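Q: Hi, I have a protein model open and want to get my bearings. Can we walk through it together?

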Amino acid sequence: SVVYRGVDRNLGRAVAIKVVSVPAGHAAQRDELRARFRREAGAAASTPHHPNVVQIYDYGTDPQLDLDFIVMELLEGRDLKQAMAAGALSLPESVRVLREAARGLAAGHPAGVVHRDVKPANVFLTGQGEIESVCLLDFGIAKPLEADPEHDLTRTGHVAYSPAYASPEQLRGERSPTPGSDVYQLGLIGYEMLAGERPYDEWD
């Protein structure tokens with residue numbers, strides 16, 4: 001996927017437009033994946049707005065360009081992956097990131113929306129320098145556009161999650177991650193922020 005900065009002409013506000021690529025395949029498979037995308041995007045968009053979850057304004061498929069898109073709140077800052085690459089976060093900063101990310105997850109879970117891919121790149125820190133707020137990206141939306149893990153492993157060798165932050169049930173190939181999967185992944189992020197390294201890597 002690619003994210004562009006755009007302008008909502010009706011409201012005159014800056015927005016982020018994420019263009020998502022549907023995997024190539026048979027027409028029936030593409031239609032199924034797009035139906036899943038719209039269903040999941042609709043569920044995420046209908047979740048009550050929370051300050052720790054990026055707000056979704058619109059979603060759909062452009063019939064002329066044959067591209068799927070998500071229009072969402074434009075955030076200024078950096079993601080947690082970039083922040084950790086620049087240097088270790090302090091203990092108070094790490095605790096704040098975990099607390100606010102947990103609040104964001106808790107906003108979607110009662111509505112049945114599971115993130116599926118909680119990793120540093122999907123935890124966004126707004127502000128320049130000092131953290132102003134923490135916001136979760138791709139809440140339950142990006143993954144439905146990718147094939148099921150079992151299909152990926154047998155057909156392309158690719159999995160629809162980040163192995164370094166996957167929960168045990170994802171690694172076992174179970175198709176329906178639960179809120180517990182998100183909590184486990186957030187715990188891995190916490191370990192990495194506090195210890196300065198992952199508890200294990202993709203090759204363990």
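Q: What does the accessible surface of the protein chain come to?
A: About 11000 Å². Carbon and sulfur atoms own 53% of that surface. Accessible areas come from the Shrake-Rupley method with a 1.4 Å probe, and for residues only the protein chains shown count as cover.

Q: Before we go on, where do these values come from?
A: This is a predicted model, so local features need pLDDT of at least 70 and side-chain atom pairs count only at pLDDT 80 or more, while totals for chains, interfaces and linings use all residues. Residues are numbered from 1 along each chain as its sequence is written, and side-chain values use heavy atoms, with hydrogens and water left out.

Q: OK. How many helices and strands are in the protein chain?
A: Six helices and seven strands. Helices (H or I, at least four residues) and strands (E, at least two) are DSSP runs, numbered from the N terminus. From that end, the order is β-β-α-β-β-β-α-α-β-β-α-α-α.

Q: And how much of the chain is buried?
A: Buried residues make up 46% of the 204 residues. Buried means under 20% relative accessible area, exposed means over 50%, and partly exposed is in between (1.4 Å probe, protein chains only).

Q: What about contacts along the chain?
A: Take contacts between residues at least 6 apart in sequence: 62% of them join residues at least 24 apart. Contact means heavy atoms within 4.5 Å.

Q: Let's look at helices. At what angle do α3 and α6 pack?
A: About 170 degrees, with the axes 10 Å apart. That makes α3 roughly antiparallel to α6. Angles under 35 degrees count as roughly parallel, over 145 as roughly antiparallel, 65 to 115 as roughly perpendicular and the rest as oblique. The axes are lines fitted to C-alpha atoms, for helices over the stretch in contact, and angles run from 0 to 180 degrees between N-to-C directions.

Q: Which residues meet there?
A: On the α3 side, they include Leu91, Leu98 and Leu105. On the α6 side, they include Asp182, Leu186 and Leu194.

Q: Which residues make the nonpolar surface patch?
A: Leu91, Val95 and Leu194, over about 290 Å². Patches are made of residues with over 30% relative accessible area and no salt bridge; like charges are joined within 9 Å, nonpolar side chains (Val, Leu, Ile, Met, Phe, Trp, Tyr) within 5 Å. Val95 sits in α3, residues 91-108. Val95 counts as partly exposed, because its relative accessible area is 40%.

Q: New topic. How many salt bridges does the structure hold?
A: Five. A salt bridge is a side-chain nitrogen of Lys or Arg within 4 Å of a carboxyl oxygen of Asp or Glu. One of them joins Glu76 and Arg5, with the closest N and O atoms 3.0 Å apart. That pair links distant parts of the chain, 71 residues apart: Glu76 is in the loop between β4 and β5, and Arg5 is in strand β1.

Q: Are those two buried or exposed?
A: Glu76 is partly exposed, at 43%. Arg5 is exposed, at 61%.

Q: Where does Gly77 lie?
A: In strand β5. Among the residues Gly77 touches, not counting those up to four places away in sequence, are Phe124 and Gly127. Gly77 and Gly127 are 50 residues apart along the chain, yet their C-alpha atoms are separated by 5.0 Å.

Q: Last one. Which phi does Arg116 have?
A: A positive one, about 85 degrees, although Arg116 is not a glycine. Most residues other than glycine have a negative phi. Arg116 is in the loop between α3 and β6, and is buried at 18%.

Q: What about Asp138?
A: Asp138 has a positive phi too, of about 55 degrees. Its place is the loop between β7 and α4. Asp138 counts as buried, at 15% relative accessibility.
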